[in-house]
Amino acid sequence: MGTPVKDVTLKPDAPKTLLLGKHIQFIASYSSKKDDYEYIMTEYLRMSGIYWGITVMDLMKHLEHMDKQDIVDFVVSCQHECGGLGASVNHDPHLLYTLSAIQILTIFDAVDAINVEKVVEYVKGLQLQDGSFTGDKWGEVDTRFSFCAVACLALLNRLDAVDVQKAVDYVLSCMNFDGGFGCRPGSESHSGQVYCCVGMLAITGNLHHINADQLGWWLCERQLPSGGLNGRPEKLPDVCYSWWVLASLKIIGRIHWIDKKKLEMFILACQDDETGGFADRPGDMVDPFHTLFGIAGLSLLGSYSDQIKPVNPVYCMPEETLQRIRLTTPLL
């Protein structure tokens, strides 16, 4: 007898259709509860939280529920003298939040509200001699930051500011024998890192370095009997991997290798049919993070295309937004 696969069981009464109206209400009300304990305690990732909220609202065709001017003013208040942006006012700048800020302003067509040249200087200053990027001045290196850096600069049409070839070489040095990628050379393959590295290579026109069949096979092995996807072997499924895994498969042209129907049923089962929103797994607490990636996953699957806009698999933003700024990804 082999070891049982770690998985969840979908209950017969789990939601089986998209509760779009409830999700719109959940996101709209979440941003208005500024005195709630949960809201206050998540200040350290506020910028990303706003990005999750406005992106999912845009994908659900209800961006008008979000206060554009209030959000743009908040983003502007988070830019530091060095050019980088923090998670909230008086929080240190970091590449993760700088990218979220650029994505927010791009969706709202308000990038000029911040000092763009300073942002470019900040990102450029975080590239190391080997081509890798640190997330901030404290020096942590991770392939997530390679993606954040090139995505930021691509959205600003300033990829020329960094040494792209060195950045690509560093990401390729993090490729493993199984076709996947880790956070640094020699680190274990992980779906989140795979997405970051594949996305970075897509932006820079270097997808030809990937063995799509080998990586596609590793990604497809992330699907469990429940239909859900995990981040690496022996882990439970999580709705957010409906994005990291599926987007990677879409970019390398292997999305048809997944059992789409089973994945769709797993994603739908993670909805809360009372409050709206998506959780990581059925029955858990919902949040904006998993709500975005649940909706974005359904978009990639082509489900509910009459209710959800097409999402770009590289930037996790509506395709129409990237078309508006005439941003096309090479080879995609």
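The model is predicted: local features need pLDDT of at least 70, side-chain atom pairs count only at pLDDT 80 or more, and totals for chains, interfaces and linings use all residues. Residues are numbered from 1 along each chain as its sequence is written, and side-chain values use heavy atoms, with hydrogens and water left out.

Helices are DSSP runs of H or I with at least four residues, numbered from the N terminus. Buried means under 20% relative accessible area and exposed means over 50%, with partly exposed in between (1.4 Å probe, protein chains only). In H6 the buried residues include Val 116, Val 119, Val 120, Tyr 122 and Val 123. Seen down the helix axis, the buried residues of H6 fall within an arc of 160°, so they line one face of the helix; the arc is that of the directions from the helix axis to the C-beta atoms. Glu 121, Lys 124 and Gly 125 are exposed on the other side of H6. The cover over the buried residues of H6 includes H5 and H7.

Ser 132 is in the loop between helix H6 (116–125) and helix H7 (143–155). Ser 132 has a relative accessible area of 1% and is therefore buried. Not counting residues up to four places away in sequence, Ser 132 touches Leu 126, Gln 127, Val 141 and Tyr 170, where contact means heavy atoms within 4.5 Å.

**Aromatic pairs**

Rings of Phe, Tyr and Trp (its six-membered ring) pair if their centres lie within 6.5 Å; planes under 30 degrees apart count as stacked, over 60 as edge-to-face and the rest as tilted. The count comes to eight aromatic pairs by this rule. Two of them involve Phe 293:

| Pair | Type | Centre to centre | Angle between planes |
|---|---|---|---|
| Trp 243 and Phe 293 | stacked | 6.3 Å | 25° |
| Trp 244 and Phe 293 | tilted | 4.9 Å | 45° |

Trp 243 lies in helix H11 and Phe 293 in helix H13 (residues 288–301), so their pair ties together parts that are 50 residues apart in sequence. Trp 244, in helix H11, is 49 residues from Phe 293. Trp 243 and Phe 293 are both buried, and Trp 244 is buried too. Ring pairs link Trp 52, Phe 147, Tyr 195, Trp 243, Trp 244, Phe 289 and Phe 293 into a cluster.

**Positive phi**

Asn 90, a residue other than glycine, has a positive phi near 70°. Asn 90 is exposed, at 73% relative accessibility. Glu 234 also has a phi near 70°, and is exposed with a relative accessible area of 51%.

Methods:
Helix = DSSP H or I, 4+ residues; strand = E, 2+ residues; numbered from the N terminus.
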